Amino acid sequence: MLALIRKPDTASDAYIAMVEENEIRVGLSYFERASIVAGSVREGVFRNEKEALNSLFAAASRAKRSKIKSFLPVVETLGAMSVTLQH
C-alpha cells in the first residue's frame, strides 16, 4: 500500500488534512468530529468553534455542521469530567 506524505504549511492546514483523511477512511462519529473542533480551538489552531467548524468541515452540509455543533456541549462536559476524575 502506498502512502501519501503531506507537509501542511500551517497547523490549520494539518487539521483540515487530518479531518479529510478521517472522513474518507474512518467515518467519524459526531462526538469525534466535535472533539476535533474543540481540540483545535483549545490548541489555538482556530480562534473559535465557529471558525474551526466551518474550516474543518467546509465540505459538509450546513445540516451536518449543525449536528456537529450540537455535540460541542457534550464534548465540553465530558472533557471537564475527565479532568475532574484525573485529580
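**Close-up views of a predicted helical chain**

Tyrosine 30 is partly exposed because its relative accessibility is 28% (buried means under 20% relative accessible area, exposed over 50%, partly exposed in between, with a 1.4 Å probe and protein chains only). The model is predicted: local features need pLDDT of at least 70, side-chain atom pairs count only at pLDDT 80 or more, and totals for chains, interfaces and linings use all residues. Residues are numbered from 1 along each chain as its sequence is written, and side-chain values use heavy atoms, with hydrogens and water left out.

**View 1. The aromatic pair.** Rings of Phe, Tyr and Trp (its six-membered ring) pair if their centres lie within 6.5 Å; planes under 30 degrees apart count as stacked, over 60 as edge-to-face and the rest as tilted. One aromatic pair is counted by this rule. Its members are tyrosine 30 and phenylalanine 71, stacked at 6.0 Å centre to centre with 20° between the planes. Tyrosine 30 belongs to helix α2 (residues 30-42), and phenylalanine 71 to the loop between α4 (62-70) and α5 (72-86), so the pair links parts of the chain 41 residues apart (helices, H or I, at least four residues, and strands, E, at least two, are DSSP runs numbered from the N terminus). Phenylalanine 71 is partly exposed because its relative accessible area is 24%.

**View 2. Charges over the ring of tyrosine 30.** A charge sits over a ring if NZ of Lys or CZ of Arg is within 6 Å of the ring centre and within 35 degrees of the ring normal. Arginine 33 lies over the face of tyrosine 30, 5.0 Å from the ring centre. The charged end of lysine 67 also sits over this ring, 6.0 Å from its centre.

**View 3. Arginine 65 and its contacts.** Arginine 65 is part of helix α4. The residue counts as buried because its relative accessibility is 18%. Apart from neighbours within four places in sequence, arginine 65 is in contact with Leu53, Asn54, Phe57, Ala58 and Ala60 (contact means heavy atoms within 4.5 Å).

**View 4. The whole chain.** The protein chain has five helices and zero strands, in the pattern α-α-α-α-α along the sequence. Of its 87 residues, 24% are buried. Among contacts with a separation of 6 or more, 51% join residues 24 or more positions apart.
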